[in-house]
Amino acid sequence: MLKQNTIPAGGSLLDGLIKEGLENRLNVMPSALDLGGYARAFEDKDLVSTCLCLFENDLNVSRTAGKLYMHRNTLIYRIAKLKKLTGLDVCKFSDAVTFIILYRCYNGEAGVR
């Protein structure tokens with residue numbers, strides 16, 4: 001019989017996946033998870049808040065720029081800076097998911113750090 005995992009009330013699916021899936025696997029080898037190349041991006045609060053706002057706005061650059069009260073080109077510059085630091089193009093869904101999972105792991109939200 002399969003064990004059913006439940007996600008706590010108020011939690012998102014991503015939160016549940018991180019806590020249930022990654023926590024169990026990454027606690028075994030936290031030193032093997034090298035996020036050194038991503039550390040500069042994760043420590044840049046402006047860059048992170050820009051990315052999180054982009055994700056909240058469904059990767060829509062124009063809407064995100066409006067929400068952040070910044071010029072669209074400034075937002076594009078920040079996205080390019082992140083790509084230079086990490087190699088991730090957060091305007092692509094798969095890279096956005098990768099970014100948010102690694103960011104949460106880096107901040108210890110999955111019990112990694």
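Me: Which helix gives the most to the lining of the largest pocket?
Reply: That's H6, which supplies five residues of the lining. Bear in mind that this is a predicted model.

Me: How much space are we talking about in the largest pocket?
Reply: About 190 Å³. Ten residues line the largest pocket, and the closest to its centre are Phe55, Phe93, Ala96, Val97 and Ile100.

Me: OK, tell me about H6 itself. How many residues, and how far does it reach?
Reply: H6 covers residues 93-106, so 14 residues, and spans 20 Å from first C-alpha to last. With 1.5 Å a residue you'd expect 20 Å, and the helix comes close to that.

Me: Which residues of H6 are buried?
Reply: Asp95, Ala96, Phe99, Ile100, Leu102, Tyr103, Arg104, Cys105 and Tyr106.

Me: What does Asp95 touch, leaving aside neighbours within four places in sequence?
Reply: Gly87, Leu88, Asp89 and Val90.

Me: What follows H6?
Reply: Gly108 comes after H6, and its phi is positive, near 80°.

Me: Which residues other than glycine have a positive phi?
Reply: Asp58 is one, with phi near 55°. Tyr69 is another, and its phi is also near 55°. For background, most residues other than glycine have a negative phi.

Me: Where do Asp58 and Tyr69 sit?
Reply: Both are in loops. Asp58 is in the one between H3 and helix H4, which runs 61-67. Tyr69 is in the loop between H4 and helix H5, residues 72-86.

Me: Are those two buried or exposed?
Reply: Asp58 is exposed, at 61% relative accessible area. Tyr69 is exposed too, at 78%.

Me: Switching topic: aromatics. How many aromatic pairs are there?
Reply: The count comes to six aromatic pairs.

Me: Which residues do the ring pairs link into a cluster?
Reply: Tyr38, Phe42, Phe55, Phe99, Tyr103 and Tyr106. Phe99, Tyr103 and Tyr106 also turn up among the buried residues of H6, and Phe55 is one of the residues closest to the centre of the largest pocket.

Me: Zooming out, what's the secondary structure of the chain?
Reply: Six helices and zero strands. From the N terminus, the elements go α-α-α-α-α-α.

Me: What share of the chain is buried?
Reply: Buried residues are 34% of the 113 in the protein chain.

Me: And the accessible surface?
Reply: About 7400 Å² for the protein chain, with 55% of that belonging to carbon and sulfur atoms.

Me: Last one: what share of the contacts join residues at least 24 apart?
Reply: It's 56%, counting contacts in the protein chain between residues at least 6 apart in sequence.

Note on methods
Residues numbered from 1 in each chain as written. Predicted model: local features only at pLDDT ≥ 70, side-chain atom pairs only at ≥ 80, totals over all residues. Heavy atoms only, no water. Phe/Tyr/Trp six-rings, centres within 6.5 Å; stacked < 30°, edge-to-face > 60°. Helix = DSSP H or I, 4+ residues; strand = E, 2+ residues; numbered from the N terminus. Buried < 20%, exposed > 50% of the residue type's maximum accessible area, 1.4 Å probe, protein only. Contact = heavy atoms within 4.5 Å. Areas by Shrake-Rupley, 256 points an atom, 1.4 Å probe, with all protein chains shown as cover. Expected span 1.5 Å × (residues − 1). 1 Å grid on protein atoms, 1.4 Å probe; cavity = no way out; pocket = protein on both sides within 12 Å on 5 of 7 lines; lining within 4 Å. Points joined across faces, edges and corners; volume = space filled by probe spheres on them.
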